[in-house]
Amino acid sequence: MATEGTERTGLVAEGENFTLDGKPVQLLSGAIHYFRVPREYWRDRMLKLKACGLNTLETYVCWNLHEPEKGKFDFTGMLDIAAYLREAANLGLWVIFRPGPYICAEWDYGGLPSWLLRDPNMQVRTTYQPYMEAVERFFDALLPIVKPFQYKEGGPIIAVQVENEYGSYARDDKYLTAVKQAIQKRGIEELLLTSDGGDIGRLARGCIPGVLMTANFNFNPKKQLGALKKIQPNRPMMVMEFWSGWFDHWGRDHHKLHVEKFEQLLGDILRLRSSVNFYMFHGGTNFGFMNGANYINGYKPDVTSYDYDAPLSEAGDPTPKYHKTRELLQTLAMEGAVPSELPDVPPATEKSSYGPFPVEKYITFEDALKVLGEPIRSEKVMSMEMLPINNDNGQSYGYILYRHKLTHTPATESVTLKCDVRDRAQIFVNGKESGMLNWRVGEITLSGLKENDILDILVENQGRVNFAQTMDGVKKFVLESVTGVNRGDALLDQRKGLVGEVLLNTAPLETWEIFPLELKPEFQTRYKIHPDWKELTDAAEIPFPSFHLINFSIPEDPKDTFLDMKKGWGKGVAILNGFNLGRYWHIGPQETLYVPAPFLKQGDNQLLLFEQHVPYKEVFFTDTPRLGKEKEVSCVPL
């Protein structure tokens, strides 16, 4: 940091090296997203970053949480961006600030709010006027908070990124300039930059004249930085995203970038005298329903954990990769970039096991629907986003139930139900499960239907796509729906629930009751006083889906722990003391859910489980995370 009284000229990117206040500087940065870490642990994670030898903190901004409804903003609690920046400043860290509006980040819809999709003509990440008006309104709320934290005004922010990896999208050649101008006209004066995959094509498609280009990769640093240097020869090099590990998808293995490979890659970056940002330095958690999804040769939703195999684990503990990073920075960083004596590494947080705790009560899904009140009645099904709820902002996350009463007995014994599901659906006839549908499988044969039967389709939104690409690198993504409808561009096609008509054989089904199941705090408050809770006697006899209540006590100060859902449970959501911890699913790879100590209470606690398939009699918390069978990260660029 500049000393008091010194003129702050800010970060300059000209020549071989960055300069800050006229002095050469190498940026050694780590990504920690405030919205993925309990506020009580922000300082701990930053202290560990600094003790590793890093001088800069990087964060994205999640538009969808900050503006959950159009014009309604939230900058409190885990979303208090000013408090986060203030903490970084207090610890003497610089900040690279990445406000989007699109962030990718394995975050639902890349951080874009779902209410944008209420516009049937919406064109995100373009200069489409309604989209840019929404961006400008968000920046009107965000950037006045951020402006005083700029380096030139005495704060920690030394650089601001314009959008994110636009070279992999590139639908509108005027868009990046429009975002840049929107940022600058609100008083942002620090160095601007873009970041893209390291090949020349994407760097060129994602650049803005006069704005610093940076590269994202985890393979062949010499080749990737060579491409950056070729297209931008007279400016310093920076790896904006050195992928320290990788994220995981449900039903796949847990990705690992082994320490030996990590050491080789990081060593090469540092020997090339490049600045670097570790993505991620600490991944944290996709709490609630905030995980994203990829469309890479098919839809692949991300797990709840965002451990990322990063130098700090999901629980914030130093890993072997952390200690190797510390060692390499001390020996290979540019002179003066790392202090000769680093602070001691703060210890790992204490962990504890609790339980087992028995399930005391349960409530059937049918009884739970009474808590939701009157359903929405519609002639045709509609997607979550189009529901007339939440002040006409629609439903963003969770589940949605579509109910239809048959008006006549089908002419044949067997019929075909066909619909376009986003993303996974359980089919029930008169309360009994008859099968499953998903984004890939959109039809099912049903037998014995008759007049007045009740058809239920319970759909889970498993996370909106944040990144889409075919393996050959083509940047236009045309998806065919199971009903044969051209879905168009993946990022424009993220409406959830049922989309289009529901067909029984070839006849559209009309007249529906629609129940949005968002699992918001107000729902949790109502369910507690519901009269239909039943005492558990035999978990095997409980109909599903169902809600399960576990009351338990912790006599001492709580410690970090992990909710173990591997034994007995199938698929669902865990809500602890009113906070949605996220999804669990027996297919893995993730087997435990991270429970930070601040989410627990000394004394009485309450856990609510929404189980879709296989109820069990008890739960327990373990002191050791299990993220699943490991697989080495493939060093193939997205």
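**Figure 1. Buried residues of helix α8 in the predicted model.** Phe262, Leu265, Leu266, Gly267, Ile269 and Leu270 of α8 are buried. The model shown here and in the following views is a predicted one. The elements that cover these buried residues include the strands β4 (28-32), β9 (212-217), β10 (238-243) and β12 (275-282). The helices α7 (221-231) and α9 (320-332) are also among the covering elements.

**Figure 2. Length and end of helix α8.** Helix α8 comprises 13 residues, 259-271. Just after α8, Arg273 adopts a positive phi of about 65 degrees.

**Figure 3. Packing of helices α8 and α9.** Two packed helices are described by the angle between their axes and the distance between those axes. For α8 and α9, the angle is about 25 degrees and the axes are 10 Å apart. Angles under 35 degrees count as roughly parallel, and α8 and α9 are therefore roughly parallel to each other. Their crossing is right-handed. On the α8 side, the contact is made by Val259, Phe262, Glu263, Leu266, Gly267, Leu270 and Arg271. On the α9 side, Pro320, Lys321, Lys324, Thr325, Leu328, Leu329 and Leu332 take part. Among the α8 contact residues, Phe262, Leu266, Gly267 and Leu270 are buried. An α-helix has 3.6 residues a turn, so residues three or four places apart point the same way.

Figure 4. Ile363 belongs to strand β16, which covers residues 361-364. Its relative accessibility is 3%, and Ile363 therefore counts as buried, the cut-off being under 20%. Leaving aside residues up to four places away in sequence, Ile363 touches Ala368, His530, Asp532, Trp533, Ser546 and Phe547. One of these, Asp532, is 169 residues from Ile363 in sequence, yet the two C-alpha atoms are 6.4 Å apart in space.

**Figure 5. Two domains annotated in UniProt.** An unreviewed UniProt entry places the feature "domain: Glycoside hydrolase 35 catalytic" at residues 18-331. This span is 30% helix and 20% strand, and its end C-alpha atoms lie 20 Å apart. The feature "domain: Beta-galactosidase galactose-binding", likewise from an unreviewed entry in UniProt, is listed at residues 545-605. Residues 545-605 are 0% helix and 54% strand, with the end C-alpha atoms 23 Å apart.

Notes. Residues are numbered from 1 along each chain as its sequence is written. This is a predicted model: local features need pLDDT of at least 70, side-chain atom pairs count only at pLDDT 80 or more; totals for chains, interfaces and linings use all residues. Side-chain values use heavy atoms; hydrogens and water are left out. Helices (H or I, at least four residues) and strands (E, at least two) are DSSP runs, numbered from the N terminus. The expected span of a helix is 1.5 Å times one less than its number of residues. Buried means under 20% relative accessible area, exposed over 50%, partly exposed in between (1.4 Å probe, protein chains only). Contact means heavy atoms within 4.5 Å. UniProt positions are given in the numbering used here, feature names are shortened, and annotations may be inferred rather than shown by experiment. Axes are lines fitted to C-alpha atoms, for helices over the stretch in contact, and angles run from 0 to 180 degrees between N-to-C directions. Angles under 35 degrees count as roughly parallel, over 145 as roughly antiparallel, 65 to 115 as roughly perpendicular and the rest as oblique. A crossing is left-handed if the near helix is turned anticlockwise from the far one by less than a right angle, and right-handed if clockwise.
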